[in-house]
Amino acid sequence: MRYARWTVLGLAGLFFVLPLGASIEFSLRDKGNGHSFSAWRQMFDVPGFTDGLVTSLILALGTMILVLALMIPTVAWLHLRLPRWRRTVETICILPLVIPPVALAISITGTFGADGVVGKQTPWFFTPITLFGQQILPILLLEYVVLALPFTYRTLDAGMSSISAATLVEAARNLGASWPTTLLRVIVPNLRTPILSAAILGGAMVLGELTLALLLFAPTFPVWTINAGAQADPKIGVAASMLILLVSWILLMMMSLLGSHRPNKLARRAAR
Amino acid sequence: MNRRTVGLLAGVLALGLAVAGCSSSSSKNSKAASAKSAADLGGMDQLAAAAKKEGTLNVITLPRTWANYGAIMDDFTAKYGIKITDANPDGTSADEITAIKSLKGQSRAPDVVDIGPAFTTVNKNLFAPYKVATWNDIPDSQKDADGAFYQDYGGYVSIGYDANRIKTPPTSFADLKNPEYKGLIGLQGDPTQAGAGFAAVYAASLANGGSLDDIKPGIDYFGALKQSGNYITVAATKASVESGQVGVTIDWDYNQVAFVSALKGSKVDWKVVVPKDGLYASYYNQAISATAPHPAAARLWEEYLYSAEGQNLYLKGAARPVTLKAMQTGGTVDQAALSALPAVSGTAQLASETQIDKAKAALVADWTKAVS
Amino acid sequence: MTVAVQNVDTPGVNPAAAPRAVSSGGRRRGAGLIGLAPFAVFVGFFLGLPTYKIVVGALHGPDGSWTLASVRQLAHDPYKDALVQTVKLSLYTALLGGALGLAIAFAVVSSTSTLLRHVVSTASGVLAYFGGVPLAFAFLATMGPQGLATRWLVHIGVHLERFQLYGFNGLTLVYLYFQIPLMVLVIYPALEGLRPQWFEAARNLGASRAQYWRFVGGPVLLPPVLGAVMLLFANSLAAYATARALTSGSIPLLSVQIANTLSSNVGPSQENLGYAMGLELIVIVALAMVGYSLLQRRAARWAG
């Protein structure tokens, strides 16, 4: 059993690390046959580097928070009150994956832009549209939340099923807890792993998402990679894409380690 | 929902209202927006002054190494002090048109566009007519009579190759069938979508008995090239060429020349040759957006591009400026840059928009079958 | 949320609260839907409106009139071909990615190293979104004719350059690079939910490992595994940048065709045709969801 595990992990590791290694090797190339960090060093000097990075980090954080704030209560509600609606919501939540980002970008600008279906009439409650007139980032943030729906729903749904939410809620309500308390202090702690998974995927997605941001002219880091980075030198472009991976990974590792700082000990004790 | 939640929602709505209320519309310099030439504004100096007041120019899909646009943009900014924002440098002509339409009324909208020939007449209603000072130097067949769009620079389909890896340099499309080039030849991208790729197929067609009305021999040519393994479908980019994944590319000659300088000092020794058998040329087109947020800067940009200075900068980038003949007669051409251009034998006819549309339709229908 | 007023100030057991909190009886269902309101409003705006535009665009012509012309074009090559190749590619990568991802997730869950879990879950998250041109480049740099691995393996007689990275199989391999991590990340919480106590209990009752999987582990895991594979399938449908960089259109895929019609350097955008293909993708997923629902129902029956 142990051999099987390490063979699988070893092969997987090789499959995933080799291509990255080859890319990094290219980014380290220098005159003739030499290697150096020159492309990496130059990357930091290309204008817009910090702005793009900060923008993407803020978008990632915002997406993670918003999608969880929206979906945790929704999935809980579905499991507790409306189990028959689960399939419908699941279907809705898979749509964002299917719509190609190019089509989505054009339909977004067609809907929310000046000439769009919604943009043409701007009554006061269509504030997202007027925001779009000023800044693309709020709309991009909200669309990222939409793009995060598929896997967020999937992980939360699977997680909620496995913790027999109904019993927990009943017990909590019996003890006099209000709905917000039940949600925050009973359900969420038990969903630690799914929530963390969803947050990780959401953050990683935003930090790596290119097409939608590019077509909406948003100044995110992946867009910077293409616009400024690769324009200066293809090695810089490759180095920048490797940098995104590294930065995302480090941040997510921090999140993951902090998030499970108090591992299932509490839950295990409670289950006994 | 308790009172707290309702209160929060109301607060968010109120905030949104406040933001919406504070929305400021971009000031429109309507005099510049309707100017059809510099004279309408009182001369070049007035135009430059109005443009300086606007302070920014939005361009789109202009890679810095494409036809020397990097130097052109830097020089324009240095000369007039107008900042240039270049959105989506690797975007397509379609992206430019989409941007004009979708960003209408916003300060990020593009002011000017540089588009392929098939995008001009069909989008004429999006452009503001304007005739630059050197209008008469542009050949009649290369501009719209009303001034809605006008060609700026062009190039020939050319073959580029890594001299360090290729023993016999190719000089024609026929040469490329040689088994020595197995696994080496790449195009700029999918010919049904990428301009230079499309042109490569067109040129191959001309080299194999086709014409501007018949692109089929070109499709067949690449089908055979794929079968023999010479043509690989990997998109030829700076990165894929520099890393050696693609050894031979078919691209615009000005791009190939840019590759040569970009790859200096790497393992690749890039050389360019315009093929003897298939000569295909194409020019890009300038146009000013009718809804440009900076109309004066847009017009100044056009004046700059069509001045001898601007046209010579194109030439330095190995692109052939549209006013070349007039500059040669007038003696304003940069002789050194002119003689550095890749040698071309013969004259090429430019394809009309209808021919391009027909060829594209034929390509879309048959390309995948030919090369799969 | 709850319609009845709960007296939550009294500590201790409140017998009135217990059953009402969880039931979903007939009269209650209408009130229950209110809980979905935030979700519905949000999705309606930011997913519904763009989707609506796609559907409407697919059924209209450039002049704004209703027409099925764009939809009818889908039945011709290369779009017909693209449909077949797209579904084929998505199906293969979803099933293969699902199986391999499951194996990796198992390997991680069954290990005692918490560091391994953190590394794998975060790396999976990051790699699940690594795609497009950088991914194509990375594979070419590894396995292409001039690739690192290609050059090394020649020494031991393996000729990697014979493997066409830009053929259908090559594309499948490259797609797996993001499908497998996605599977790992999505299925991992479900695997963790498989409590070791159940295995111990089954053992105590005399069950063999195979029987445990057949009667306990399998039925519990099958629904989330099916859900994850479905996610992978949908994920692969819309991926295009990678395919485009590797194949330049030699393998027709709907997502690439959509990008070609909406963002081209050769000819003006054919928005209605692009939207028609978008609609086609949505229909494919809807059909897949139907099949998936049927599968889930059978899986539920297995669980008894």
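C:T142 is located in helix 7 of chain C, a helix that covers residues 132-143. The model described here is a predicted one. With a relative accessibility of 4%, C:T142 is classed as buried, because a residue counts as buried under 20% relative accessible area. When neighbours within four places in sequence are left aside, the contacts of C:T142 include residues of chain A, namely A:L18, A:P19 and A:A22. Within chain C, C:T142 is in contact with C:G147, C:L148, C:A149 and C:T150.

Chain C as a whole contains 14 helices and zero strands. Its pattern along the sequence is accordingly written α-α-α-α-α-α-α-α-α-α-α-α-α-α. The chain has 304 residues, and 53% of them are buried. Among contacts in chain C between residues at least 6 apart in sequence, 71% join residues that are at least 24 apart.

Helix 4 of chain A, residues 86-98, packs against helix 11 of chain C, residues 209-238. The angle between these two helices is about 35 degrees, and their axes are 7 Å apart. On the side of chain A, the residues in this contact are A:I94, A:L97 and A:V98. On the side of chain C, they are C:M230, C:L231, C:A234, C:N235, C:L237 and C:A238. Sorted by class, the contact of helix 4 of chain A with helix 11 of chain C has eight nonpolar residues, one polar residue and no charged residues.

A:L57, A:L246, A:I250, A:L251 and A:M254 make a nonpolar surface patch of about 400 Å². The most is given to this patch by helix 13 of chain A, residues 234-259, which supplies four residues. A:M254 is found in helix 13. The relative accessible area of A:M254 is 45%, so A:M254 is partly exposed.

Charged residues were examined next. Side chains of opposite charge can pair when their charged atoms come close. Over all chains, a search of the whole structure finds 14 salt bridges. One of them joins B:R64 and B:D74, with a distance of 2.6 Å from N to O. B:R64 lies in the loop between strand 1 (56-60) and helix 4 (69-80) of chain B, whereas B:D74 lies in helix 4 itself, so the pair ties together parts that are ten residues apart in sequence.

B:D140 is exposed, with a relative accessible area of 65%. B:K143, in contrast, is buried, with a value of 14%.

In chain C, the side chains of C:E192 and C:R117 meet in a salt bridge with an N to O distance of 3.9 Å. This pair links distant parts of the chain, 75 residues apart: C:E192 is in helix 9, residues 168-192, and C:R117 is in helix 6, residues 114-128. C:E192 is partly exposed, with a relative accessible area of 28%. C:R117 is likewise partly exposed, with a relative accessibility of 26%. In chain A, salt bridges link A:R87, A:E90 and A:R154 in a network.

Backbone angles in chain B were also considered. B:A67 is not a glycine, although it has a positive phi of about 50 degrees. B:A67 is found in the loop between strand 1 and helix 4 of chain B, the loop in which B:R64 also lies. B:A67 is buried, at 1% relative accessibility. A positive phi, near 70 degrees, is also found for B:A318, again a residue other than glycine. B:A318 is placed in the loop between helix 11 (308-316) and strand 10 (320-321) of chain B. The relative accessible area of B:A318 is 5%, so B:A318 counts as buried.

Notes
Residues are numbered from 1 along each chain as its sequence is written. Chains are lettered from A and ligands numbered from 1 in the order in which they are written. This is a predicted model: local features need pLDDT of at least 70, side-chain atom pairs count only at pLDDT 80 or more; totals for chains, interfaces and linings use all residues. Side-chain values use heavy atoms; hydrogens and water are left out. Patches are made of residues with over 30% relative accessible area and no salt bridge: like charges are joined within 9 Å, nonpolar side chains (Val, Leu, Ile, Met, Phe, Trp, Tyr) within 5 Å. Accessible areas come from the Shrake-Rupley method with a 1.4 Å probe; for residues, only the protein chains shown count as cover. A salt bridge is a side-chain nitrogen of Lys or Arg within 4 Å of a carboxyl oxygen of Asp or Glu. Buried means under 20% relative accessible area, exposed over 50%, partly exposed in between (1.4 Å probe, protein chains only). Axes are lines fitted to C-alpha atoms, for helices over the stretch in contact, and angles run from 0 to 180 degrees between N-to-C directions. Contact means heavy atoms within 4.5 Å. Ala, Val, Leu, Ile, Met, Phe, Trp, Tyr, Cys and Pro count as nonpolar, Asp, Glu, Lys and Arg as charged, and the others, Gly among them, as polar.
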